[in-house]
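Welcome! Here is a short briefing to read alongside the sequence and the 3D view. Take your time and look up each residue as you go.

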Amino acid sequence: EPIRQSDTDRLSFGCLLNVHMTMLQRILNQFNEVATTCDVNGYQQIGRLFSDMASHEKSIDHVIEMLRKDELDDSIPLAPIEKASSYFKNVLATYFADHPLSHTEILLNYLNIYIGCVDGMTVVMKVLRAFPTEGSHFCILLQEWMTLASDMKNNCKKIRRRLPTDDSSKGFGFGPQALLALEDHSDSASKLLGVAREIHGLALQQIVLLSDNEKLTNNQLLDMAKRAAALVFGVVDPDEAMESPRLCFEQVNGFLGKLIASIQSGEFDVEKENAGPGSRRVAPYVTRAGVVKREFCDAEGLGLKLQQKDSDILELKKVIKMKGNERSEAGVKISMLEQKLESAGKEVNVEVAAVQKELDEANEKLKKKEKEFETTMDALQSDIDALEEEKQQLKRRHEALSKKSMMAEMTRQGKGGFLSSFGSNLGGSGGG
């Protein structure tokens, strides 16, 4: 059906929103599978990231609420959805890179992205078909792209029908190269949608400059297609840029065709793990809930132990109080003994002061006695010196008197008698 020109912006924005939401849904489906199959440590790691995830959830809820109220239009930025997709993708790559995932769910999510891109391209190309005249080169190019897009959608539907169901005895799994190929071709599908939207945007810019009766020519539209392809695919050569969308379609369809053949041949069939009854893996939150319940049960036993500890603490407080009273009494006794010791010390100090005073007085008397003794000794020494001098004087006088007596005696006696008397006097003087 032809699409009205007034609805083109809204439909183009809706297609882009659908692709972004489909990509986000793919990542969140993987994240949900991780959260329900990881171990308890991984689940706790998710819990530690809750605050960051809550902010992204709030942004997405805001977009969903505007969509519910029919207030969402092309003026609303889709950056919050892109940031949320990038954040959850980084979380999976950082913390759960080695976590096994359901390849069936991964493939279904990628198929939804391919189909979303195809639906978006189909809507935009239906709008673009209203610009050129029927049978022009640009119209033929659009028809070719729409045919290739329809083939891509049909291939996705074939893959869906051939995937094993939950009741199947066989599982589904492929290697890391196939996962990388799915990611790369999802980027290619997004580029194809980007080319269509870029052509539409250039066309709307050019239509504003035209008069009411003028239309975009075939050459103008082809030039816009070259510019859009060169911009999206990063190609400089215009002719090569025109071939890039077709080559991209062929690569994606070729990959999907090989995928269909591999699924039909059973190349990706694997044995299901834990296929026995009752062997379903327990979710980590169930395991964690059991641990918490056991902790609560243990907590009840701990409550009884705490009550017993409280009783023991009360008994210890009583003992401590008694010890405190005993300590207070001992403190009073110590204070009284200290007072007695202080009083005794004061008395001893008084006695020591009295003895010291007596000692000082005795020393003073001794000094006086020593001074008197020295004075007396000096006086006695002076008397001794005077007596000694007097003795010498008396001795000299005695000698002089003796000499005079001898001389008188010698005079009286004769010469012979003088000598004899002189000799005897000399002997007696020498003996005295």
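A residue is called buried when its relative accessible area is under 20%, exposed when over 50%, and partly exposed in between, using a 1.4 Å probe and protein chains only. This is a predicted model, where local features need pLDDT of at least 70 and side-chain atom pairs count only at pLDDT 80 or more, while totals for chains, interfaces and linings use all residues. Residues are numbered from 1 along each chain as its sequence is written, and side-chain values use heavy atoms, with hydrogens and water left out.

**Overall build**

- The chain contains 11 helices and two strands; helices (H or I, at least four residues) and strands (E, at least two) are DSSP runs, numbered from the N terminus.
- Starting at the N terminus, the order of elements is α-α-α-α-α-α-β-α-α-α-β-α-α.
- Of the 432 residues in the chain, 29% are buried.

**A closer look at helix α5**

- Helix α5 covers residues 103–128. The expected span of a helix is 1.5 Å times one less than its number of residues.
- Why is α5 described as largely enclosed by the rest of the structure? The reason is that 19 of its 26 residues are buried.

- E409 pairs with R412 in a salt bridge, with the closest N and O atoms 2.1 Å apart. Both residues lie in helix α10 (residues 284–412), three residues apart, or about one turn of the helix.
- E409 has a relative accessible area of 24%, so it is partly exposed, whereas R412 reaches 61% and is therefore exposed.
- E243 and R246 form another salt bridge, and their closest N and O atoms are 2.1 Å apart. This pair sits in helix α9 (residues 238–264), again three residues apart, about one turn of the helix.
- E243 counts as partly exposed because its relative accessibility is 34%, and R246 counts as partly exposed because its value is 22%.
- An α-helix has 3.6 residues a turn, so residues three or four places apart point the same way.

- The side chains of E183 and R26 form a salt bridge, at 3.7 Å from N to O. E183 belongs to helix α7 (residues 176–209) and R26 to helix α1 (residues 8–37), so the pair ties together parts that are 157 residues apart in sequence.
- Are these two residues buried or exposed? Both E183 and R26 are buried.

**Patches on the surface**

- Patches consist of residues with over 30% relative accessible area and no salt bridge; like charges are joined within 9 Å, and nonpolar side chains (Val, Leu, Ile, Met, Phe, Trp, Tyr) within 5 Å. Accessible areas come from the Shrake-Rupley method with a 1.4 Å probe, and for residues only the protein chains shown count as cover.
- Y43, V282, Y285 and V286 make a nonpolar surface patch of about 350 Å². Among them, Y285 lies in helix α10 and counts as partly exposed because its relative accessibility is 43%.

How values were computed: A salt bridge is a side-chain nitrogen of Lys or Arg within 4 Å of a carboxyl oxygen of Asp or Glu.
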